[in-house]
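Me: I am new to reading protein structures. Can you walk me through one, feature by feature?

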Amino acid sequence: MKSNEAFSAIEHYLASLSFKQARKLKGEYFRQCLVLKMDEHEVVYDEFEGIKLTWNTSKIMHNTKSVSFYPAEDKRYYLLTFHARHRDVVTNSYLDHVLAQGKDIGLRKRLRKLYTNCTGCGDYDNKGKWSHVIFEHPASFETLAMNPQKKKEIVDDLTTFSKAKEYYARIGKPWKRGYLLYGPPGTGKSTLVAAIANFLGYDIYDIELTAVQTNAELRKLLIGIASKSVVVIEDIDCSLDLTGQRETNSEGGKGEDEKNRVTSVMEQVEGAIASKNKAGSSKVTLSGLLNFIDGIWSASSGERLIVFTTNYVEKLDQALIRRGRMDMHIELSYCGFEGFKVLAKNYLSVESHYLFDTIRGLLEETNITPADVAENLMPKVADEDVETSMERLIQVLRRSKENAEKEKGTTTMEESNGVDSSEGATASTKESNGEDSRDSNAES
(Lines give C-alpha, C1' and ligand atoms only; values in the text may rest on other atoms or scores of the structure.)
Protein backbone atom coordinates (compact mmCIF):
# COMPACT_ATOMS: atom_id res chain seq x y z
CA MET A 1 0.00 0.00 0.00
CA LYS A 2 3.02 2.30 0.20
CA SER A 3 5.13 3.39 -2.78
CA ASN A 4 8.76 2.30 -2.92
CA GLU A 5 10.86 5.21 -1.65
CA ALA A 6 13.95 3.91 -3.46
CA PHE A 7 12.04 3.86 -6.76
CA SER A 8 10.88 7.44 -6.20
CA ALA A 9 14.43 8.60 -5.41
CA ILE A 10 15.83 6.96 -8.55
CA GLU A 11 13.00 8.47 -10.57
CA HIS A 12 13.94 11.96 -9.39
CA TYR A 13 17.63 11.33 -10.08
CA LEU A 14 17.06 10.07 -13.64
CA ALA A 15 14.62 12.87 -14.48
CA SER A 16 17.47 15.37 -14.91
CA LEU A 17 19.35 12.95 -17.17
CA SER A 18 16.31 11.95 -19.21
CA PHE A 19 15.53 15.54 -20.22
CA LYS A 20 18.69 15.55 -22.35
CA GLN A 21 18.91 11.91 -23.45
CA ALA A 22 15.50 10.26 -23.67
CA ARG A 23 13.76 10.37 -27.02
CA LYS A 24 10.34 10.25 -25.38
CA LEU A 25 9.08 11.72 -22.11
CA LYS A 26 5.83 11.16 -20.26
CA GLY A 27 4.08 14.14 -18.69
CA GLU A 28 1.66 14.10 -15.77
CA TYR A 29 -0.27 16.99 -14.24
CA PHE A 30 0.17 16.66 -10.49
CA ARG A 31 -1.20 19.28 -8.05
CA GLN A 32 -1.05 22.19 -10.49
CA CYS A 33 2.43 21.22 -11.72
CA LEU A 34 3.56 19.45 -14.89
CA VAL A 35 5.86 16.54 -14.03
CA LEU A 36 7.99 14.95 -16.80
CA LYS A 37 9.26 11.37 -16.43
CA MET A 38 10.93 8.70 -18.52
CA ASP A 39 8.53 6.80 -20.69
CA GLU A 40 8.55 3.00 -20.70
CA HIS A 41 11.39 1.23 -22.51
CA GLU A 42 13.48 4.42 -22.63
CA VAL A 43 17.25 4.16 -22.04
CA VAL A 44 19.35 6.69 -20.08
CA TYR A 45 23.13 6.61 -19.69
CA ASP A 46 25.08 7.74 -16.64
CA GLU A 47 28.74 7.93 -15.64
CA PHE A 48 30.23 7.63 -12.15
CA GLU A 49 33.97 7.64 -11.38
CA GLY A 50 34.75 6.67 -14.97
CA ILE A 51 32.20 3.82 -14.98
CA LYS A 52 29.52 3.81 -17.67
CA LEU A 53 26.07 2.69 -16.52
CA THR A 54 22.77 2.17 -18.30
CA TRP A 55 19.27 2.67 -16.91
CA ASN A 56 16.08 1.61 -18.62
CA THR A 57 12.50 1.42 -17.43
CA SER A 58 9.94 -1.30 -17.94
CA LYS A 59 6.94 -2.78 -16.20
CA ILE A 60 5.48 -6.10 -15.17
CA MET A 61 1.98 -6.63 -16.49
CA HIS A 62 -0.51 -7.81 -13.87
CA ASN A 63 -2.45 -11.03 -14.24
CA THR A 64 -5.98 -10.08 -15.22
CA LYS A 65 -7.32 -13.47 -14.10
CA SER A 66 -6.10 -13.14 -10.51
CA VAL A 67 -8.62 -12.21 -7.84
CA SER A 68 -7.51 -9.73 -5.19
CA PHE A 69 -9.12 -7.39 -2.68
CA TYR A 70 -7.07 -4.52 -4.15
CA PRO A 71 -7.24 -3.63 -7.85
CA ALA A 72 -4.25 -5.03 -9.73
CA GLU A 73 -1.80 -2.54 -11.22
CA ASP A 74 1.18 -2.82 -13.50
CA LYS A 75 4.47 -2.69 -11.57
CA ARG A 76 7.08 -0.36 -13.01
CA TYR A 77 10.77 -0.91 -12.34
CA TYR A 78 14.19 0.41 -13.33
CA LEU A 79 16.88 -1.91 -14.63
CA LEU A 80 20.52 -0.90 -14.07
CA THR A 81 23.17 -2.50 -16.29
CA PHE A 82 26.95 -2.28 -15.81
CA HIS A 83 30.12 -4.35 -16.30
CA ALA A 84 30.59 -7.07 -13.71
CA ARG A 85 34.04 -5.83 -12.71
CA HIS A 86 32.46 -2.65 -11.34
CA ARG A 87 30.07 -4.51 -9.02
CA ASP A 88 31.75 -3.34 -5.80
CA VAL A 89 31.82 0.32 -6.80
CA VAL A 90 28.19 0.26 -7.90
CA THR A 91 26.84 -1.52 -4.82
CA ASN A 92 29.02 0.29 -2.28
CA SER A 93 29.09 3.84 -3.68
CA TYR A 94 27.02 4.51 -6.79
CA LEU A 95 23.63 3.35 -5.52
CA ASP A 96 24.05 5.37 -2.31
CA HIS A 97 24.97 8.38 -4.46
CA VAL A 98 21.87 7.95 -6.64
CA LEU A 99 19.51 7.57 -3.66
CA ALA A 100 20.97 10.56 -1.80
CA GLN A 101 20.86 12.82 -4.87
CA GLY A 102 17.38 11.65 -5.81
CA LYS A 103 16.08 12.24 -2.29
CA ASP A 104 17.46 15.79 -2.26
CA ILE A 105 15.94 16.52 -5.67
CA GLY A 106 12.59 15.19 -4.47
CA LEU A 107 12.68 17.38 -1.39
CA ARG A 108 13.38 20.47 -3.47
CA LYS A 109 10.56 19.71 -5.90
CA ARG A 110 7.96 18.60 -3.39
CA LEU A 111 4.97 20.66 -2.37
CA ARG A 112 5.79 21.78 1.14
CA LYS A 113 3.16 21.38 3.84
CA LEU A 114 1.96 23.09 6.99
CA TYR A 115 1.15 20.51 9.66
CA THR A 116 -0.84 20.90 12.85
CA ASN A 117 -2.04 18.54 15.56
CA CYS A 118 -5.54 20.05 15.49
CA THR A 119 -8.25 17.73 14.18
CA GLY A 120 -10.27 18.82 11.16
CA CYS A 121 -7.56 21.18 9.85
CA GLY A 122 -6.87 19.44 6.53
CA ASP A 123 -5.82 16.06 5.15
CA TYR A 124 -5.05 13.54 7.84
CA ASP A 125 -1.59 11.99 7.86
CA ASN A 126 -1.82 8.33 8.82
CA LYS A 127 1.84 8.27 9.84
CA GLY A 128 1.06 10.30 12.95
CA LYS A 129 -1.54 12.53 14.54
CA TRP A 130 -0.91 15.35 12.10
CA SER A 131 -3.24 17.17 9.72
CA HIS A 132 -1.79 19.23 6.90
CA VAL A 133 -2.49 21.76 4.18
CA ILE A 134 -0.24 22.96 1.36
CA PHE A 135 2.15 25.65 2.63
CA GLU A 136 2.03 28.65 0.28
CA HIS A 137 3.13 31.59 2.43
CA PRO A 138 5.08 34.09 0.25
CA ALA A 139 7.29 35.53 3.04
CA SER A 140 11.01 35.86 2.33
CA PHE A 141 13.98 37.61 3.89
CA GLU A 142 13.96 40.13 1.04
CA THR A 143 10.45 41.32 2.00
CA LEU A 144 10.99 41.09 5.77
CA ALA A 145 10.95 44.44 7.63
CA MET A 146 13.99 43.92 9.83
CA ASN A 147 17.36 45.45 10.57
CA PRO A 148 19.70 44.35 7.72
CA GLN A 149 22.49 43.34 10.11
CA LYS A 150 20.17 41.15 12.18
CA LYS A 151 18.70 39.68 9.01
CA LYS A 152 22.18 38.77 7.75
CA GLU A 153 23.03 37.08 11.06
CA ILE A 154 19.93 34.89 10.82
CA VAL A 155 20.56 33.96 7.18
CA ASP A 156 24.21 33.09 7.88
CA ASP A 157 23.20 30.96 10.87
CA LEU A 158 20.56 29.09 8.84
CA THR A 159 23.00 28.47 5.99
CA THR A 160 25.64 27.13 8.36
CA PHE A 161 23.11 24.87 10.07
CA SER A 162 21.77 23.40 6.81
CA LYS A 163 25.30 22.33 5.76
CA ALA A 164 26.47 21.00 9.13
CA LYS A 165 25.33 17.37 9.05
CA GLU A 166 28.86 15.94 9.40
CA TYR A 167 29.77 18.53 12.04
CA TYR A 168 26.83 17.62 14.30
CA ALA A 169 27.61 13.93 13.87
CA ARG A 170 31.25 14.53 14.79
CA ILE A 171 30.48 16.43 18.01
CA GLY A 172 27.77 13.93 19.01
CA LYS A 173 24.73 16.22 18.94
CA PRO A 174 21.37 15.77 17.18
CA TRP A 175 21.11 17.83 14.01
CA LYS A 176 18.74 20.47 15.36
CA ARG A 177 18.77 24.10 16.44
CA GLY A 178 16.46 26.21 18.59
CA TYR A 179 15.28 29.76 17.90
CA LEU A 180 13.47 31.99 20.41
CA LEU A 181 11.55 34.87 18.79
CA TYR A 182 10.31 37.49 21.22
CA GLY A 183 8.93 40.99 21.06
CA PRO A 184 5.68 43.02 21.14
CA PRO A 185 2.66 41.85 19.10
CA GLY A 186 2.79 42.85 15.44
CA THR A 187 6.58 42.79 15.10
CA GLY A 188 6.66 39.93 12.57
CA LYS A 189 7.43 36.77 14.55
CA SER A 190 5.11 34.51 12.54
CA THR A 191 6.27 36.08 9.28
CA LEU A 192 9.88 35.35 10.22
CA VAL A 193 8.97 31.68 10.80
CA ALA A 194 7.47 31.51 7.29
CA ALA A 195 10.55 33.22 5.80
CA ILE A 196 12.84 30.70 7.54
CA ALA A 197 10.82 27.77 6.17
CA ASN A 198 10.87 29.21 2.65
CA PHE A 199 14.60 29.93 2.82
CA LEU A 200 15.47 26.37 3.88
CA GLY A 201 12.71 24.63 1.92
CA TYR A 202 11.37 22.95 5.08
CA ASP A 203 7.87 21.86 6.10
CA ILE A 204 6.32 23.53 9.16
CA TYR A 205 4.86 21.62 12.12
CA ASP A 206 2.75 24.04 14.17
CA ILE A 207 2.07 22.46 17.57
CA GLU A 208 -1.00 23.50 19.55
CA LEU A 209 0.03 22.51 23.07
CA THR A 210 -3.44 22.95 24.54
CA ALA A 211 -4.67 20.14 22.26
CA VAL A 212 -2.03 17.71 23.61
CA GLN A 213 -3.34 15.77 26.61
CA THR A 214 -0.22 14.08 27.99
CA ASN A 215 3.55 13.98 27.69
CA ALA A 216 3.23 10.58 25.99
CA GLU A 217 1.02 12.10 23.30
CA LEU A 218 3.56 14.88 22.80
CA ARG A 219 6.24 12.25 22.29
CA LYS A 220 4.10 10.49 19.67
CA LEU A 221 3.79 13.76 17.80
CA LEU A 222 7.57 14.11 17.87
CA ILE A 223 8.00 10.67 16.28
CA GLY A 224 5.67 11.70 13.45
CA ILE A 225 7.77 14.76 12.52
CA ALA A 226 9.78 14.23 9.33
CA SER A 227 13.28 15.48 8.64
CA LYS A 228 13.85 18.96 7.17
CA SER A 229 11.14 20.64 9.19
CA VAL A 230 10.50 23.69 11.35
CA VAL A 231 8.71 22.81 14.60
CA VAL A 232 6.84 25.87 15.91
CA ILE A 233 5.13 26.58 19.23
CA GLU A 234 3.62 30.07 19.01
CA ASP A 235 2.87 32.21 22.08
CA ILE A 236 4.37 29.57 24.32
CA ASP A 237 3.82 31.74 27.40
CA CYS A 238 0.05 31.52 26.76
CA SER A 239 -0.16 27.87 25.67
CA LEU A 240 0.25 26.20 29.07
CA ASP A 241 1.43 27.03 32.56
CA LEU A 242 5.07 26.32 31.72
CA THR A 243 6.70 29.26 33.44
CA GLY A 244 8.02 27.03 36.23
CA GLN A 245 9.16 29.92 38.38
CA ARG A 246 11.86 28.81 40.80
CA GLU A 247 12.89 30.25 44.16
CA THR A 248 16.08 32.30 44.14
CA ASN A 249 19.05 31.29 46.24
CA SER A 250 20.28 34.82 46.83
CA GLU A 251 20.40 35.97 50.44
CA GLY A 252 18.46 39.09 49.64
CA GLY A 253 15.56 37.06 48.28
CA LYS A 254 15.21 34.64 51.19
CA GLY A 255 13.15 36.94 53.38
CA GLU A 256 10.82 37.85 50.54
CA ASP A 257 10.43 34.17 49.57
CA GLU A 258 9.48 33.31 53.15
CA LYS A 259 7.06 36.19 53.27
CA ASN A 260 5.31 35.10 50.04
CA ARG A 261 5.39 31.36 50.72
CA VAL A 262 1.78 31.18 51.94
CA THR A 263 0.54 33.27 49.03
CA SER A 264 2.44 31.07 46.57
CA VAL A 265 0.99 27.88 48.06
CA MET A 266 -2.53 29.29 47.88
CA GLU A 267 -2.04 30.25 44.23
CA GLN A 268 -0.79 26.75 43.43
CA VAL A 269 -3.79 25.17 45.15
CA GLU A 270 -6.21 27.45 43.32
CA GLY A 271 -4.50 26.69 40.02
CA ALA A 272 -4.64 22.94 40.67
CA ILE A 273 -8.35 23.12 41.48
CA ALA A 274 -9.06 25.17 38.35
CA SER A 275 -7.04 22.75 36.24
CA LYS A 276 -8.88 19.77 37.71
CA ASN A 277 -12.26 21.31 37.09
CA LYS A 278 -11.40 22.19 33.52
CA ALA A 279 -12.65 19.36 31.31
CA GLY A 280 -10.06 17.86 28.98
CA SER A 281 -7.28 20.07 30.29
CA SER A 282 -3.76 19.32 29.08
CA LYS A 283 -1.40 17.51 31.42
CA VAL A 284 1.76 18.37 29.49
CA THR A 285 4.46 19.42 31.95
CA LEU A 286 7.55 21.55 31.68
CA SER A 287 9.64 18.39 32.03
CA GLY A 288 7.75 16.77 29.15
CA LEU A 289 8.32 19.78 26.92
CA LEU A 290 12.03 19.89 27.77
CA ASN A 291 12.35 16.22 26.81
CA PHE A 292 10.49 16.99 23.59
CA ILE A 293 13.07 19.66 22.73
CA ASP A 294 16.34 17.91 23.53
CA GLY A 295 15.63 14.59 25.24
CA ILE A 296 16.67 11.19 23.93
CA TRP A 297 13.62 10.96 21.66
CA SER A 298 14.39 14.33 20.09
CA ALA A 299 17.23 12.79 18.07
CA SER A 300 14.82 10.55 16.13
CA SER A 301 13.48 13.17 13.70
CA GLY A 302 16.67 14.20 11.92
CA GLU A 303 17.35 17.69 10.62
CA ARG A 304 14.99 20.31 12.06
CA LEU A 305 14.59 23.69 13.72
CA ILE A 306 12.57 24.28 16.88
CA VAL A 307 11.06 27.77 17.18
CA PHE A 308 9.31 29.36 20.15
CA THR A 309 7.53 32.70 19.88
CA THR A 310 6.43 34.84 22.81
CA ASN A 311 5.40 38.40 23.59
CA TYR A 312 6.70 38.19 27.17
CA VAL A 313 10.05 36.44 27.34
CA GLU A 314 10.44 37.30 31.04
CA LYS A 315 7.57 34.92 31.88
CA LEU A 316 9.36 31.84 30.55
CA ASP A 317 11.38 29.48 32.71
CA GLN A 318 15.11 29.86 32.13
CA ALA A 319 15.49 26.10 31.72
CA LEU A 320 13.20 26.30 28.69
CA ILE A 321 15.14 29.00 26.84
CA ARG A 322 18.73 28.37 27.90
CA ARG A 323 21.45 28.03 25.26
CA GLY A 324 21.48 24.50 23.94
CA ARG A 325 17.70 24.45 23.79
CA MET A 326 17.02 27.87 22.33
CA ASP A 327 20.41 28.52 20.74
CA MET A 328 19.59 31.84 19.14
CA HIS A 329 17.49 34.52 20.85
CA ILE A 330 16.05 36.98 18.32
CA GLU A 331 14.33 40.13 19.52
CA LEU A 332 11.80 41.59 17.08
CA SER A 333 11.19 45.15 18.13
CA TYR A 334 9.42 48.23 16.82
CA CYS A 335 9.84 49.43 13.27
CA GLY A 336 12.99 51.37 12.43
CA PHE A 337 13.83 53.34 9.33
CA GLU A 338 15.50 50.39 7.58
CA GLY A 339 12.43 48.26 8.16
CA PHE A 340 10.22 51.08 6.90
CA LYS A 341 12.18 51.26 3.64
CA VAL A 342 11.56 47.55 3.04
CA LEU A 343 7.83 48.03 3.68
CA ALA A 344 7.70 51.09 1.42
CA LYS A 345 9.30 49.06 -1.36
CA ASN A 346 6.91 46.15 -0.78
CA TYR A 347 3.67 48.13 -0.54
CA LEU A 348 4.35 51.25 -2.64
CA SER A 349 7.22 50.14 -4.92
CA VAL A 350 9.32 53.18 -3.96
CA GLU A 351 12.90 53.21 -2.68
CA SER A 352 13.21 56.97 -2.06
CA HIS A 353 10.85 59.90 -1.51
CA TYR A 354 11.08 63.43 -0.18
CA LEU A 355 8.94 62.42 2.83
CA PHE A 356 11.43 59.75 3.92
CA ASP A 357 13.38 62.21 6.10
CA THR A 358 10.23 63.25 7.97
CA ILE A 359 9.30 59.64 8.58
CA ARG A 360 12.83 58.81 9.72
CA GLY A 361 12.69 61.51 12.41
CA LEU A 362 9.27 60.41 13.65
CA LEU A 363 10.29 56.74 13.79
CA GLU A 364 13.24 57.68 16.01
CA GLU A 365 10.89 59.43 18.46
CA THR A 366 7.99 56.99 18.70
CA ASN A 367 7.29 53.25 18.91
CA ILE A 368 5.20 51.66 16.17
CA THR A 369 5.12 48.05 15.02
CA PRO A 370 5.86 46.97 11.44
CA ALA A 371 2.28 45.69 11.20
CA ASP A 372 0.91 49.19 11.93
CA VAL A 373 3.31 50.76 9.43
CA ALA A 374 2.29 48.27 6.75
CA GLU A 375 -1.41 48.85 7.38
CA ASN A 376 -1.04 52.61 6.92
CA LEU A 377 1.15 52.26 3.82
CA MET A 378 -1.32 49.95 2.11
CA PRO A 379 -3.44 51.93 -0.41
CA LYS A 380 -7.06 52.26 0.68
CA VAL A 381 -8.41 52.85 -2.82
CA ALA A 382 -7.28 51.51 -6.18
CA ASP A 383 -5.83 54.79 -7.54
CA GLU A 384 -4.29 56.13 -4.32
CA ASP A 385 -0.90 57.74 -4.90
CA VAL A 386 2.29 57.23 -2.91
CA GLU A 387 2.21 60.64 -1.25
CA THR A 388 -1.27 60.07 0.21
CA SER A 389 -0.21 56.78 1.79
CA MET A 390 2.90 58.33 3.32
CA GLU A 391 1.01 61.36 4.62
CA ARG A 392 -1.41 58.99 6.35
CA LEU A 393 1.52 57.23 8.03
CA ILE A 394 3.03 60.57 9.08
CA GLN A 395 -0.25 61.62 10.73
CA VAL A 396 -0.40 58.32 12.64
CA LEU A 397 3.20 58.72 13.79
CA ARG A 398 2.57 62.27 14.98
CA ARG A 399 -0.52 61.24 16.95
CA SER A 400 1.40 58.38 18.48
CA LYS A 401 4.19 60.78 19.47
CA GLU A 402 1.73 63.22 21.04
CA ASN A 403 -0.01 60.47 22.98
CA ALA A 404 3.32 59.20 24.27
CA GLU A 405 4.31 62.71 25.39
CA LYS A 406 0.97 63.20 27.16
CA GLU A 407 1.32 59.89 28.99
CA LYS A 408 4.87 60.79 29.98
CA GLY A 409 3.75 64.20 31.23
CA THR A 410 0.91 62.69 33.23
CA THR A 411 3.24 60.19 34.84
CA THR A 412 5.74 62.91 35.74
CA MET A 413 2.98 65.05 37.27
CA GLU A 414 1.72 62.17 39.38
CA GLU A 415 5.23 61.44 40.64
CA SER A 416 5.77 65.13 41.46
CA ASN A 417 2.50 65.37 43.36
CA GLY A 418 3.38 62.25 45.30
CA VAL A 419 6.71 63.71 46.39
CA ASP A 420 5.19 67.08 47.40
CA SER A 421 2.39 65.52 49.43
CA SER A 422 4.77 63.25 51.29
CA GLU A 423 7.09 66.17 52.06
CA GLY A 424 4.12 68.21 53.29
CA ALA A 425 3.00 65.42 55.53
CA THR A 426 6.47 65.15 57.01
CA ALA A 427 6.67 68.89 57.60
CA SER A 428 3.28 68.99 59.29
CA THR A 429 4.25 66.14 61.55
CA LYS A 430 7.44 67.96 62.59
CA GLU A 431 5.57 71.22 63.24
CA SER A 432 2.97 69.40 65.31
CA ASN A 433 5.65 67.70 67.32
CA GLY A 434 7.38 71.02 67.83
CA GLU A 435 4.23 72.71 69.10
CA ASP A 436 3.56 69.85 71.47
CA SER A 437 7.06 70.05 72.88
CA ARG A 438 6.88 73.83 73.34
CA ASP A 439 3.55 73.60 75.10
CA SER A 440 4.83 70.87 77.31
CA ASN A 441 7.89 72.92 78.30
CA ALA A 442 5.79 75.98 78.98
CA GLU A 443 3.47 74.09 81.28
CA SER A 444 6.33 72.57 83.18
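Me: What should I know before I start?

Reply: This is a predicted model: local features need pLDDT of at least 70, side-chain atom pairs count only at pLDDT 80 or more, and totals for chains, interfaces and linings use all residues. Residues are numbered from 1 along each chain as its sequence is written, and side-chain values use heavy atoms, with hydrogens and water left out.

Me: How many helices and strands does the protein chain have?

Reply: Helices (H or I, at least four residues) and strands (E, at least two) are DSSP runs, numbered from the N terminus. Here the protein chain has 15 helices and 13 strands.

Me: What share of the residues is buried?

Reply: Buried means under 20% relative accessible area, exposed means over 50%, and partly exposed lies in between (1.4 Å probe, protein chains only). Of the 444 residues in the protein chain, 35% are buried.

Me: What is the accessible surface of the protein chain?

Reply: Accessible areas come from the Shrake-Rupley method with a 1.4 Å probe; for residues, only the protein chains shown count as cover. The total for the protein chain is about 27600 Å², and carbon and sulfur atoms hold 51% of that.

Me: Which residues make the nonpolar surface patch?

Reply: Patches are made of residues with over 30% relative accessible area and no salt bridge; like charges are joined within 9 Å, nonpolar side chains (Val, Leu, Ile, Met, Phe, Trp, Tyr) within 5 Å. Leu25, Tyr29, Leu34 and Leu36 make a nonpolar patch of about 420 Å². Strands β1 (25-30) and β2 (33-38) each supply at least two of its residues. Take Leu25, in strand β1. Leu25 counts as partly exposed because its relative accessibility is 32%.

Me: How many salt bridges does the structure hold?

Reply: Side chains of opposite charge can pair when their charged atoms come close. A salt bridge is a side-chain nitrogen of Lys or Arg within 4 Å of a carboxyl oxygen of Asp or Glu. This structure holds 10 salt bridges. One of them joins Arg177 and Asp157, at 2.8 Å from N to O. Arg177 is in strand β9 and Asp157 in helix α3 (residues 148-162), 20 residues apart. Asp157 is buried, at 15% relative accessible area.

Me: Which parts do Lys228 and Glu303 tie together?

Reply: Their side chains meet in a salt bridge of 2.9 Å, N to O. Lys228 lies in the loop between α6 (215-223) and β11 (229-233), and Glu303 in the loop between α10 (286-294) and β12 (304-310), so the pair ties together parts 75 residues apart in sequence. Glu303 is buried, at 3% relative accessibility.

Me: What does Tyr182 touch?

Reply: Contact means heavy atoms within 4.5 Å. Tyr182 sits in strand β9 (residues 176-182). Not counting residues up to four places away in sequence, Tyr182 touches Lys189, Thr310, Val313, His329, Ile330, Glu331 and Leu332.

Me: At what angle do the axes of helix α12 and helix α14 cross?

Reply: Axes are lines fitted to C-alpha atoms, for helices over the stretch in contact, and angles run from 0 to 180 degrees between N-to-C directions. The axes of α12 (residues 337-348) and α14 (residues 370-377) cross at roughly 35° and come within 10 Å. From α12, Phe340, Leu343, Ala344, Tyr347 and Leu348 meet Pro370, Val373, Ala374 and Leu377 of α14.
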